[in-house]
Amino acid sequence: MISIKNVSMAFGRSVAVSDATLDIPAGDSVALWGPNGAGKTTLIRCVLGLLRFRGSISLDGRDVRREGKRARLLVGYVPQELGFHDELGVNEALRFFAALKGLDEVDTGATLEHVGLAGHGGKRVRELSGGMKQRLALAIALLGDPPVLVLDEVTASLDAVGRAEFVGLLERLSGAGRT
């Protein structure tokens, strides 16, 4: 599903990723571990086709450089830093991101229930806790039912209880065959 071959990426003279190779079969889960500045987010941005790199990356056989848009359609992405407009309603946010993904309609109630946010659709984003915002970001990433989820340090800003709840949610989702 995800094939990374000899990928290197530098910012000027500073090497962020050096000769990374990784094959992730469909349905498998992988965690990238390393200290701050180790290149984890840079590699993720390369996988998403957002940075120029040396080597090759493909998602389900689609080269991320030559078929970037088609490759990105396979991915639901939760960034390290969430960027929501706090005055938007939760349901509005879901509909907004669904429209960006080219989806005509979204069942906001079912989508929110899927990530443990049932009953919160009428709230403003600013009213959500940090953990609830993470769940909203995951709900948005799952719009369109992508076969690949890419999550960048999604539990870093959560407390121990929120982290355990979020990891439990991801474990339930992993049984659905997503990579």
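I began with Arg 178, which counts as buried at 10% relative accessibility. The cut-off for buried is under 20%. I note here that the model is predicted.

**Entry: the partner of Arg 178**

Arg 178 makes a salt bridge with Asp 145, with 2.2 Å between the closest N and O atoms. I then placed both ends. Arg 178 sits in the segment after helix 6 (160–174), while Asp 145 is in the loop between helix 5 and strand 6 (148–151), so the bridge joins parts 33 residues apart in sequence. Is Asp 145 buried or exposed? Asp 145 counts as exposed, because its relative accessibility is 56% and the cut-off is over 50%.

**Entry: other salt bridges**

I ran the count next. How many salt bridges are there? The count comes to seven. I wrote up two further ones.

I took Lys 5 and Asp 23 next. Their side chains meet in a salt bridge at 2.5 Å, N to O. Lys 5 belongs to strand 1 (residues 2–11) and Asp 23 to strand 2 (residues 14–24), so this pair ties together parts 18 residues apart in sequence. I checked accessibility at both ends. Lys 5 has a relative accessible area of 30% and is partly exposed. Asp 23 is partly exposed too, with 45%.

I then turned to Glu 87 and Arg 126. This salt bridge has an N to O distance of 2.9 Å. It links distant parts of the chain, 39 residues apart. Glu 87 is in the loop between strand 5 and helix 3. Arg 126 is in the loop between helix 4 (108–114) and helix 5 (130–142). Glu 87 counts as partly exposed at 41% relative accessibility. Arg 126 is partly exposed, with a relative accessible area of 44%.

**Entry: aromatic rings**

I searched the whole structure for ring pairs and got two aromatic pairs. Phe 84 and Phe 97 form one of them, edge-to-face. Their centres are 6.3 Å apart, and the planes make 85 degrees.

I compared two members against the cut-offs. Phe 97 counts as partly exposed at 23% relative accessibility. Phe 96 is partly exposed, with a relative accessible area of 43%.

I also checked for a charge over a ring. Arg 65 lies over the face of Phe 53, with 4.3 Å to the ring centre.

**Entry: Val 150**

Val 150 is buried, because its relative accessible area is 10% and the cut-off is under 20%. Which residues does Val 150 contact, leaving aside its neighbours within four places in sequence? I found Ile 44, Val 75, Gly 76, Tyr 77 and Val 78. I followed up Ile 44. Val 150 and Ile 44 are 106 residues apart in sequence. In space, their C-alpha atoms are 7.6 Å apart.

Technical notes. Residues are numbered from 1 along each chain as its sequence is written. This is a predicted model: local features need pLDDT of at least 70, side-chain atom pairs count only at pLDDT 80 or more; totals for chains, interfaces and linings use all residues. Side-chain values use heavy atoms; hydrogens and water are left out. Rings of Phe, Tyr and Trp (its six-membered ring) pair if their centres lie within 6.5 Å; planes under 30 degrees apart count as stacked, over 60 as edge-to-face and the rest as tilted. Buried means under 20% relative accessible area, exposed over 50%, partly exposed in between (1.4 Å probe, protein chains only). A charge sits over a ring if NZ of Lys or CZ of Arg is within 6 Å of the ring centre and within 35 degrees of the ring normal. A salt bridge is a side-chain nitrogen of Lys or Arg within 4 Å of a carboxyl oxygen of Asp or Glu. Helices (H or I, at least four residues) and strands (E, at least two) are DSSP runs, numbered from the N terminus. Contact means heavy atoms within 4.5 Å.
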